[in-house]
Structure formats: structure tokens, C-alpha cells
Amino acid sequence: MCPNLDANMARCCCMLVLLVALGVCEASRGREWAHHGASMFADLTPREMRDVRDYLQGKPELGLTATRGKDLKKNSILLMELHLPRKHEALRTLDRGHAKPTRQARVVVQFGNQAQPNITEFIVSPLPFPTSYTGKTFKGDRPIRFESRPITAAEYSHIIDILQKITAKVHKVLFETTGGFSFHNCTNRCLTFSDIAPRGLESGERRTWIMLQKFVEGYFIHPVGFEVLVNHKDLDPERWTVEKVWYNGQYFDNVEELAERYEKGTLEKVQLPDHDDEDLYSTYIPRGHSNTRTDIHGPKLVEPQGPRYHVDGNFVEYAGWSFAFRVRSSAGLQIFDLRFNGERIAYEVSLQEAIAFYSGDTPAAMQTKYIDAGWAMGTVDYELAPGIDCPEIATFLDLHHYYDTDKPMRYKNALCVFEMTTGMPLRRHFNSNFQGSYNFFGGLENHVLVLRTTSTVYNYDYIWDFLFYQNGVMESRVSATGYIHATFFTPNGLHYGSKVYNFVLGNLHTHLIHYKVDLDIAGRENSFESMDLKYVNFTNPWSHKHSVVQSKLVKTQHQTERSAAFRFGKKFPRYVHFYNPNEKNKWGHQKGYRIQYNSHANSVLPRGWREENGISWSRYPLAVTRHKDSEPTSSSIYTQNDPWEPVVSFEDYIRNNEDITNQDLVAWVTVGFLHVPHSEDIPNTATPGNSVGFFLRPFNFFDEDPSLSSRSTVIVRPDKEGKPKVQRWTPEVVGHCVTDKPFFYNGTYAGV
């Protein structure tokens, strides 16, 4: 095996070969285990959903009936989704190749057909052939108030019924105000509605402000100046009541008072302008002069020799990266077992919550505090449009959800995976010889893999991205688009937004997005430090008459959870760094990753103020805790309708102030932005400038830039005659879809 060597050198050579072989074997085995374990995190299949439904509906003690149907006094399944395995159990599979833990389902059941209605969660197992169910509780055994449940199609049907009765009494008011639109017995030129949350002012209530809008394309920005407060707490819709009415800046105790005063002419009336369907300001139909040619298409992405990534079920591999993904019905996109070149960077990076808290002058506007997990944010991931939502070359995947339904629902092409070029080099350098030529040029194209889905939570569309770069960087990004949440214009409303059309106010609001980032940097034992700069002033050692002022790096080791909870409104560190104190790179640095923010978020309410208790995570751009399986999420589907006494209180996670040195750590990351609507938000908010997120960036994790392994690098050097000599490791000609000409570069420069 090692010829022409003495015995010692032969032994060394053979040992080296053995070590290389073992490394290759270990890497192959690690990849096999990651691939094998990915299905632990896969969403429930339609078959599993049906099996769980049939099993629970076959239990006479539960008394479950169909979910659909108008009866509110029933026991039925509201939500079904994967129940994740415990981390230590999952790691036995991922790191040692052990058998996968038993698959389980989390099921939310509404028990409305009993003396004391309640919401109960069950863990059903094993899948796909369940034989048992056990109750699931939240930390601190907090009970789930029945009034905190998300609203369902059945309840909406009764809301429509009561709105029919309400609007019948003020038909003339609405018809004359809107120029012929109506809600009651409408067949053409109809009104629709948006319901506001939270539903009340304190825990245990279920009172909703509802505002009417013209039912046209983009009805969200067509308020008509009529809002009504409906108490729908009772499970008998016949006992629902109207508690307050608002019309054109005026409050009334009931609908009859409004109708009577309108007839008498003792209130301020309003007449909205009419709009032809073709001229609606809320449509996507092009209008105005265009300077862009319409006889040719714009640039498109191509894969000249086919895709360079691999998708197998919920397992993805690309350029050294591998991960598993799921789309949790209650919250949205999540990735697990994130590895680069076989080394785990994070066990979980997952969307937890998205909120939009508004201000305004109308009752609906001042009440609007949307907490989107309460609208099953993960289930509203509708079909993605090729060439618009994702490139045509993308891999499109279906998603399945079981929410407020009697059977699994398929969302076709709701998630996509694609590789793209950013149009920006990952790195490059032109090395001039300062004599009209160059010594060399080197560059590497910046290709990234994108995992994408969307959530259309009524008016807003969120585009959720995870991006994977060749240099070991991962980016999490959310881009906001869709329609603004608009209310009826009043002069006082200008304190809370902008007039964006006749009688339309775009209400100011703040978006906050919360992520869970369970980092495992070179293992589970991690520590956390922040880095800042301070000026130092000292005598210049080579000119004693002068002083040197420069920045010095100051590191702060955070040893407890409270010390690592950074409040909005206070100075945030320049660097936040997670590292393994027991593992070092070639240069003696502790291997680490840092979180870099792309955000201009701030708090939305004063600490402890009513609804703020339900979103206590929003106090912190970053909080670091020890991992606990009992702290899986920072929010819940119940927070929207009971933020005052939430079943999940993030503040509890840091209240015990545990040690976070050399521990399994979780970073809880909040990003967001303020949106003051403006005329350019008509018809839709555009994505440029409305994207926020964070990067996971290696910080001494590697010995050098790992993208050096990329064979997409191009190096150009002049030969002895000064002609460019191109060195590359990929095909010379990209492909006819891009260009049929080989790469050419001439780095000379001269006067003209």
C-alpha cells in the first residue's frame, strides 16, 4: 500500500489512509443518520390525520361529532398537527442511528356540548395506528379558557346571520352611504366585513368589533364607515347581542338609535363616491404610463445543467447544507437538524409568532392587535405562482393541514425550494499592477438555496424564507406585502396614519416576528457572550508627543438568563456570539456562530399593559434561555383571544434566571418594523424595504471561508504576453439559455 518506505514511514502512511477512510465513513454515516431521522420532523400525512380522526371519533367517552355544521354546542376536533419528539430522543436517532421515536399527533378538541365547555389538548400515539390518547398541559398547568379558542367557520356562519339582522335595520343608511351597496339579502354590489381581535377587553370575554367594507377586489381598503360591536360569547347565537355601533365618527348604543337618528337627520351623514369595477383603486389591473416594453419578458432564472440540490420528502441537501423542514399548522415554517459539512449548527430554527399592532381613531382600529398564530397562520399557505412567488425552475411541494375541517386539506404547491444567483459576487478581488493591467482577478458567484412558503392572514401576505449560502451563512427573512389594514377616515385619524384615498385611512402599525433558534454549536454545550467597542487613549509608542485613540473590543460573558435578555429601548450589543467553550478552531478560537440582525423593531406596548402580557417575548430583541422540552414555543393559538391571561407566557422562561454557561441554549429572536402607510401602499404594500430577519454567521467556526470548496470560482491571470488566462472548474460555456459564449475577461485599463 505504501511502497518504497521504511517501516515507520509505512506505518504512518497507512495510519493516515486509515484516518481518512474513517473520516469519510463517519461523514457518510452522519449523512445517512440525518436523512434517516428527517422524517421525525415531517408533518402529519393525510393518512395519519384520518387515522387519528377516526380513532378519536371512535371513543364514545369523548362524544366527538363532525366539525363542520352550524351547531356550536358540540365536541369536535379543531386542530391536528405533529407533536415533536423530545430533543434528547431525536438526537439519539440523528447522532447514533437509533430507532426513531414513536410518531405522535397533537390534537386540539373543543368540548362545547357540556355544562362547562372547555378546550382540551391530547397527544395521540402511536402513528399511523393510534391506540392511546393522553391530555397535554401547558407549563404551570394553565387552563385554556373556552373563550380563547380561535374562531371557526361555524361561528362565522352565525356572525353572518346576525349581521344580516343588524344590517336589515339600517339598510337605508348603508345603501345611501355606499351608493347602492348592501349586506342584507344582497346579490349584487354587496358589503362584506372584517372582524377585529382580540375579542374583548379582558379575559373571559368574546366581544368582537366588526367593520363593513364594499365587497370588491381588495375590499380591505374599502371601509364604509360602519362598525358594530357584537357579544358572541354564548353558544346559543340567539342570545348574541349588539353592544355598540359606530357610524361616521359617531357612537350609538344600538342599531335602532342609528336608524332613528338617520331618519330624523340628527346625525352627520356621509356619501361615498361610486367606483366602476374597471377603475377600482384596489385592483391589480395596470394603470398609468409604463416605460417598460411589453413585447418581451424580463430576466428569468435557469439551471443550465439541472438542479444542484436534492429534496427527498422533507430532507434537503445543498452545497454542504442539510436540514429537515416542516410547516407547523399553528405557526408556520420550521427547519430542524441544520448541518453544514456534516456538523450541526442548529437543532431547530422556527417561526413562532407574527403580530401587527395598530393605532387608529375608529373603535375597530384602536382595538386591532393581530396575533397571527390565533388565526392558524401556518394553514393559510396557499398555492405559489411560478415565475412570481417562486422561479419557474423551483421544486414545488404540497402541504396538508387539518384545521377546522373534517378531513385533511391539501394545499397544492404551497412550498418551494430553489437555487438562485443573487447577482452579487460572494467574494471578488481585482488586483491591479497600477500600470494599466492586473496581477490577477478572482471571484465567486453568489448562489443560495431558498426554502419558501407564504402566509396570507386575511389582508397581509407574509413571504417566509430561509436562505442557505455557500460560506456557512444562513439567513431567515420575512417580506410583508398584501393589503394594508385600513379604516374609515376621520380628521383625528391623521394622528394614527395617512389618508390613502377618499374616506380611507391607512393605519400605522408595527410588525413583530418571533423565532426560536436552538443553536448546537459543535455540540450542545454552548455559552453566550456579547461584544462591544470602547475607545482607548494611549501614548503613541513611536511618537511620544502624540496619543492614539482607537476602538478596543470588549467582551461580556452572560452567565444567566436575565443577563442575556436584552430589552427594547436599551442599547443592543454590536455582536451577539454563541460558542462552544470546549471546541476550538485551528487558530485557537472557540468555535462559534453569531446572530446578525436586519431589523428596526421596537416594543408595541408598555411592559405589563393588558394585551402586552400575552406577547411578553416582544419585550426583547434577543433573549437566551436553557433548552427545555417544556418550553417548546413562545406563543399559542389561544393568545389572540386571551392575551390578558395567556396559557403560554414567555416571561416565565427567563423568570427563574438559570445558568446559561456551557449549556444547551436557545436564542429567541424578535425582528420587525414600523409601517406608517402612505399613498404608495395603494393598492398593495410592496416588498422592497419591508423585509426583515437575521443571519446566522460563522464566527471562528471554520479555519477559513468554507466556500473555498466551491468549484464555481473563476481566476484570471495575464500570461507572459499579457493575454488573459482563465482558470475555472465548471463548464466553460454556461449553456444556451444564458449565453453560448465562453467566459471572457480583459482586465487592462488605459486612457482614451
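Reader: Which residue of β7 is the bridge partner of Q213?

Author: Begin with what a sheet is: its strands pair through backbone hydrogen bonds, either parallel or antiparallel. Here the bridge partner of Q213 in β7 is P223. This is a predicted model, so local features need pLDDT of at least 70, side-chain atom pairs count only at pLDDT 80 or more, and totals for chains, interfaces and linings use all residues. Residues are numbered from 1 along each chain as its sequence is written, and side-chain values use heavy atoms, with hydrogens and water left out.

Reader: How many bridges join β6 and β7, and in which sense do they pair?

Author: Strands (E, at least two residues) and helices (H or I, at least four) are DSSP runs, numbered from the N terminus. Two strands pair if DSSP finds at least two bridges between them. Strand β6 (residues 207-214) and strand β7 (residues 223-231) have six bridges, and their pairing is antiparallel.

Reader: What is the order of the strands in this open sheet?

Author: The order is β5-β6-β7-β8-β9, five strands with antiparallel pairing. β5 and β9 (250-252) stand at the edges with a single partner strand each, so one side of each has no neighbour in the sheet.

Reader: How does A522 read by phi, position and accessibility?

Author: A522 is not a glycine either, and its phi is positive at about 55°. A522 lies in the loop between β24 (509-519) and β25 (527-539). With a relative accessible area of 24%, A522 is partly exposed.

Reader: What does UniProt annotate at Y460?

Author: An unreviewed UniProt entry lists "modified residue: 2',4',5'-topaquinone" at Y460. UniProt positions are given in the numbering used here, feature names are shortened, and annotations may be inferred rather than shown by experiment.

Reader: Is Y460 buried or exposed, and in which strand does it lie?

Author: Y460 lies in strand β19. Its relative accessible area is 3%, so Y460 is buried.

Reader: Which residues does UniProt list for "domain: Copper amine oxidase catalytic"?

Author: The unreviewed entry gives residues 300-708 for that domain.

Reader: How much of residues 300-708 is helix and how much is strand?

Author: To read such a span, take its secondary structure content together with the distance between its ends. Residues 300-708 are 2% helix and 51% strand. The end C-alpha atoms of this span lie 28 Å apart.

How values were computed
Buried < 20%, exposed > 50% of the residue type's maximum accessible area, 1.4 Å probe, protein only.
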